[in-house]
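Reader: Hi! Could you walk me through one residue and what surrounds it?
Author: Happy to, here we go.

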Amino acid sequence: KHCIDAWNTPQHKARFANDAAGLGRVKGLKNNCVYETEGNRCWIVSTRDIAAGEEIFVSYTKEYWDCIRYNIKHGLYKTKKFSE
């Protein structure tokens with residue numbers, strides 16, 4: 001079971017999209033959306049039909065996860081989820 005781990009920022013609708021790559025991989029779980037940009041606007045667009053209740057996954061990029069891993073390794077990113 002996957003949970004939505006979004007900050008309380010209702011103005012940012014994409015906060016509910018997670019990355020299937022994540023820190024820990026789940027076998028068979030893949031991103032089902034991509035980012036599309038036009039000028040200064042960005043959308044999350046599905047790459048296949050998504051069933052009601054299914055989670056939205058989109059890449060955060062390799063650089064994002066490298067930064068998170070670096071911060072965890074150096075004690076700069078501490079949450080209950082990652083520090084236990």
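Reader: Which residues is D19 in contact with, leaving aside its neighbours within four places in sequence?
Author: D19 touches N31, F57, V58, S59, Y60, T61 and W65, where contact means heavy atoms within 4.5 Å. Keep in mind that this is a predicted model, in which local features need pLDDT of at least 70, side-chain atom pairs count only at pLDDT 80 or more, and totals for chains, interfaces and linings use all residues. Residues are numbered from 1 along each chain as its sequence is written, and side-chain values use heavy atoms, with hydrogens and water left out.

Reader: What polar contacts does the D19 side chain make with the side chains of N31 and W65?
Author: With the N31 side chain there is one of 3.2 Å, and with the W65 side chain one of 2.7 Å. A polar contact is a pair of N or O atoms within 3.5 Å; within protein, one must be able to donate a hydrogen and the other to accept it, and residues adjacent in sequence count only if both atoms are side-chain atoms.

Reader: Nice. And is D19 buried or exposed?
Author: D19 is buried, meaning under 20% relative accessible area with a 1.4 Å probe, protein chains only. D19 has no salt bridge, which would need a side-chain nitrogen of Lys or Arg within 4 Å of a carboxyl oxygen of Asp or Glu. The nearest side chain of opposite charge, R25, is 7.1 Å away.

Definitions and conventions: Buried < 20%, exposed > 50% of the residue type's maximum accessible area, 1.4 Å probe, protein only. Lys, Arg positive; Asp, Glu negative; His and termini not counted.
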